[in-house]
Amino acid sequence: MVAIDVKQVDPNAWLECKDVMSMLLNAIPVSTLLETQQIMLLTALESCPSHVVAALAAHLTSHQDVVSPLLNGVAQAVAVAFARRINDSDIFEQILLFAMQRGYYTPALAPILQSLVGELSGNDILVALAAMDALSDVAIASNVGASVVNESGAPQKIYELMQSSKDAPDGGFIYPCRENNIFEILFTGDQGVQRVMEAFAAALSSGPIELRVRHVDALAILFEHGEETLLAQWFSYMGAQMPSLLLSLVQKPFPDLRLASLRTFASLLKHQFALQTFLGLSGFVDWLVDQSTEHEWEACRLKGDIIRALIASDSPLIDAPLKIRLRAYFVAPKKDPEVEMML
């Protein structure tokens, strides 16, 4: 695979071969890859496309305990080869975001961060949107990440971008409200966070269905990742009625709203604070185990995924009796013979 001329490969082929590559890498011990197969790895790092290099980096990172001492010893050449690819425009942002999301950010990465922030001022809307999305992920991940993004000057640039987009006929659709909320949070501090989340809750409870769907989807993204304590605080700012409101929305007769609400439950229920909140909410578990609530394929899949995740959870909040009820969701109801005869 390393010997293949990448110029002769269709760029779309990566989507089909990345799983094969992952299987091959998983079959080779990382110590072997970095020692006896080091020449092959160095060749790949020098000539392969950026997404292959990113996949190699992700693979080695998943074995950090083994890899770190080797990169500082017999595999120093591999570390140098990775460093040389940082100047690749498709690679440096991935390395930066990886470092920031895991708390590895240092001032040495500031030039790369400023390059990413600079993309917010360009004329390419899609590039600016991608930069906003990346910076939002970092800001959501932790207080430290939010602080770094705030000090980079990104919030001011995004605020200006949001203001200018108001005059564009498609501005509200191009720039999702997630970034608007996240960076307003960065601007305004803790009291501002509370005001923003209160306004967010109000927007969820009223207004046109299409707009409420977008708000609920934004909520799902907002709570998908992040620090538990921080997310719990944000959720509390939305008010005591928010759990009941979400349970109400997921039962409304509007397919898109139900799907968005299910996606939000999938994000929230990854967190202990949300499990404690919703498992104690009257009617939630009954709705959750009710096999008759969803009829559309996508909604059934989403709800099934939520229940499977809860069954697999090791949270003490999900005890054995509850897991029995959750597993029963996947058991087809028995048919009544007398009713069958009448039919």
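This is a predicted model: local features need pLDDT of at least 70, side-chain atom pairs count only at pLDDT 80 or more; totals for chains, interfaces and linings use all residues.
Residues are numbered from 1 along each chain as its sequence is written, and side-chain values use heavy atoms, with hydrogens and water left out.

Let's start with helix α8, which spans residues 110–118. (Helices are DSSP runs of H or I with at least four residues, strands are runs of E with at least two, and both are numbered from the N terminus.) The buried residues here are I112, L113, L116 and V117. They sit on the same side of α8, because they cover an arc of only 140° around the axis; that arc is taken from the directions from the helix axis to the C-beta atoms. "Buried" means under 20% relative accessible area, "exposed" means over 50%, and "partly exposed" is in between (1.4 Å probe, protein chains only). As background, an α-helix has 3.6 residues a turn, so residues three or four places apart point the same way.

Next come the charged pairs. Side chains of opposite charge can pair when their charged atoms come close. A salt bridge here is a side-chain nitrogen of Lys or Arg within 4 Å of a carboxyl oxygen of Asp or Glu, and by this rule the count comes to seven. E224 and K270 form one, at 4.0 Å from N to O. This pair links distant parts of the chain, 46 residues apart: E224 is in the loop between α14 and α15, and K270 in the loop between α17 and α18. E224 is partly exposed, at 32% relative accessibility.

R258 and E294 also meet in a salt bridge, at 3.2 Å from N to O. R258 belongs to helix α17 and E294 to the loop between α19 and α20, 36 residues apart. R258 is buried at 15% relative accessible area, and E294 is buried at 6%. R325 pairs with D286, their closest N and O atoms being 3.2 Å apart. R325 lies in helix α21 and D286 in helix α19, so this pair ties together parts that are 39 residues apart in sequence. R325 is partly exposed, at 39%. Elsewhere, E298, R301, D305 and R308 are linked in a salt-bridge network.

Finally, the nonpolar core, a set of buried Ala, Val, Leu, Ile, Met, Phe, Trp, Tyr and Cys residues joined through side-chain atoms within 4.5 Å. The largest one has 49 residues, of which F223, M238, F278 and F284 touch the most other members. Leaving aside residues up to four places away in sequence, F284 touches L247, F265, L269, F278 and L279, where contact means heavy atoms within 4.5 Å.
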